[in-house]
Amino acid sequence: MVDDYPSRIGSLIRDSRLHRGWTQSQLAEELGTSQSAVNRIERGQQNLSLEMIARIGEALDREIVSVGPPKPTHLRVTGGQQLSGSIAVKSSKNASVALLCASLLNKGITILRGIARIEEVNRIIEVLESIGIQTRWLNEGRDVEIVPPERLDLESMDVEAARRTRSAIMFLGPLLHREDRFKLPYAGGCSLGTRTVQPHIAALRPFGLEVKTTGGFYHAEVDRPASPARPIVLTERGDTVTENALMAAARNDGMTIIRNASSNYMVQDLCFYLTQLGVKIEGIGTTTLIVHGVPEIDQDVDYAPSEDPIEAMSLLSAAIVTSSEITITRAPIEFLEIELALLEEMGLDYERSLEYLSGNGETRLVDLTVRPSLLRPPNDKIHPMPFPGLNIDNLPFFALIAATASGSTLIHDWVYENRAIYLTELTKLGAKVTLLDPHRVLVEGPTRFSGTEVICPPALRPAVVVLLAMLAAKGTSVLRNVYVINRGYEELAERLSVLGATIESFHDG
Ligand SMILES: CC(=O)N[C@H]1[C@@H](OP(=O)(O)OP(=O)(O)OC[C@H]2O[C@@H](n3ccc(=O)[nH]c3=O)[C@H](O)[C@@H]2O)O[C@H](CO)[C@@H](O)[C@@H]1O
Ligand SMILES: C=C(OP(=O)(O)O)C(=O)O
């Protein structure tokens, strides 16, 4: 355990530096040392004096070391208050991570504008930095610059950071063009039951990639030259598998056809970015993508991923559950239309503005004003479908909304083995949520939520659903260990507080 301390301290320093928006070189300058020394410190390869730790803490304006194990963050919520005002939707976690992975295709410099400042992005940046890519936060931490090295140092990969995400699986597509042999740790991410990687392996095989999964790693080997002879038919319309196939196709010299592709928001953002890199893609927004790849990509590009429809849905849910009037600006309407149609059927009173474009020049946005409404259950059960259906990640919010409606709603999560189970956490706050089987819950409303203490379930959206129920619950609630929320939302508690919510964060002891 003691041996582990240098790397634990190193990763705390790295987290604090990233939080501050500094590069290793900027921190080195503050400390009067070299970038390589900071790199060693962050990797736990340097013994640090107490004096040095104190200086680093001072430079980063953070307590780096406190005695005892790392302390999880908790939230204390005083609920039952109405919210008011306006809140802007931030860019999406899922596009941000895809674009960070896609930057591996480019020998030039990528600047990603307005990228989400969330833990998932921090983890992918840690992985990129650990393999030799230089990243730098610009414009007070709003944008990130990615500068690739001549050669990647895959042996030094920060395995711990990679394991905490599922997104690192999207290194497979870009890396197969750069390396003949490499390994990646097993995918993490939300714990939602079995989440297969077989479709990724099958989609990348026509590019010459063979993957063996042993000892906690995907061992990848590339047989060159290989180029898909036939269209790649995805056996399931998954988002990250489509992105992996797209990234492999981007540098494939020739035309690749991808069928049964996801046309979801993050895939579209990735297509727009690849287009800027000089890759021609036909069929963006449809389920057949025709990719005209370019073997070498060396472009300095600037790209702004679009706003997060799931965050927009979370904010809509916050308004509904607290019976508040709030305006949600910058909502990507194309990816919320089914959700809004369903909410209208349930009796939601809302208004939408004229459309305007996101920073990527492509995604259509609106401002949505939601007013307090008496909701009824929908006419039928609620179930997700690949886009343009109701988004799988929005389903948990419908369980919460259904709990405020008068009557019974059946929620059917046919996709994930476990996520519906976490929705029963709402019963701790007074909701009536019955698990019919691992995929279906029956929600009976209306609910008078009451405050209590809950440990975050190990899945992002169910954890946010519990937090939002706490906003509606009379009295004080405590939500423990909110890393899972910070993985996908930027300063959610602080931003809800601006709308009038009472949420404070605290640590034990
Ligand atoms: C980083 C990122 O972008 N993550 C998103 C992505 O994860 P990701 O693309 O990794 O999604 P998964 O591969 O986990 O797919 C979701 C589940 O759906 C099943 N499945 C999917 C498509 C299909 O046509 N048939 C089918 O059965 C898969 O087997 C799996 O059990 O998509 C998920 C589903 O939209 C979202 O929850 C995640 O937020
Ligand atoms: C399931 C999710 O994410 P991930 O794929 O990162 O686990 C999510 O965003 O709800």
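Reply: Let us begin with the domains: the centres of domain 2 and domain 3, taken over C-alpha atoms, are separated by 29 Å. This is a predicted model, in which local features need pLDDT of at least 70 and side-chain atom pairs count only at pLDDT 80 or more, while totals for chains, interfaces and linings use all residues. Residues are numbered from 1 along each chain as its sequence is written, and chains are lettered from A and ligands numbered from 1 in the order in which they are written.

Me: Which domains does the assignment give for the protein chain?

Reply: Domain bounds come from an automatic or database domain assignment. Here the assignment gives domain 1 (2–60), domain 2 (73–90 + 307–507) and domain 3 (93–303).

Me: How many residues of domain 2 are in contact with domain 3?

Reply: Two residues are in contact if their C-beta atoms, placed from the backbone, lie within 7 Å. By that rule, 23 residues of domain 2 are in contact with 21 residues of domain 3. The side of domain 2 that touches domain 3 comprises eleven nonpolar, five polar and seven charged residues. In these classes, Ala, Val, Leu, Ile, Met, Phe, Trp, Tyr, Cys and Pro count as nonpolar, Asp, Glu, Lys and Arg as charged, and the others, Gly among them, as polar.

Me: Which residues are the closest to ligand 1?

Reply: A residue is near a molecule if its C-beta atom, placed from the backbone, lies within 6 Å of it. Ligand 1 is surrounded by 17 residues, and the closest are Asn-94, Arg-195, Glu-236, Arg-237 and Thr-240. By class, the shell has six nonpolar, five polar and six charged residues. Domain 2 and domain 3 each contribute at least three residues to the shell. At least two come from each of helix H5 (93–102) and helix H10 (239–250); helices (H or I, at least four residues) and strands (E, at least two) are DSSP runs, numbered from the N terminus.

Me: How does one describe two packed helices?

Reply: One gives the angle between their axes and the distance between the axes. Axes are lines fitted to C-alpha atoms, for helices over the stretch in contact, and angles run from 0 to 180 degrees between N-to-C directions. The axes of helix H2 (residues 24–31) and helix H4 (residues 50–60) come within 10 Å and cross at roughly 115°. At this contact, Leu-27, Glu-30 and Leu-31 of H2 meet Arg-55, Ile-56 and Ala-59 of H4. Four of the contact residues are nonpolar, none is polar and two are charged.

Me: What is the strand order in the open sheet of four strands?

Reply: Two strands pair if DSSP finds at least two bridges between them. The order is E21-E22-E1-E23, with mixed pairing. Strand E21 (453–455) and strand E23 (502–507) stand at the edges with a single partner strand each, so one side of each has no neighbour in the sheet. From one strand to the next, the twist averages 20°. Strand E1 (residues 73–79) pairs with strand E22 (residues 475–480) in the antiparallel sense over five bridges, and Arg-76 has Val-478 in E22 as its bridge partner.

Me: Which helix lies across E1, E21 and E22?

Reply: That is helix H16 (residues 460–472), which runs at about 35° to E1.
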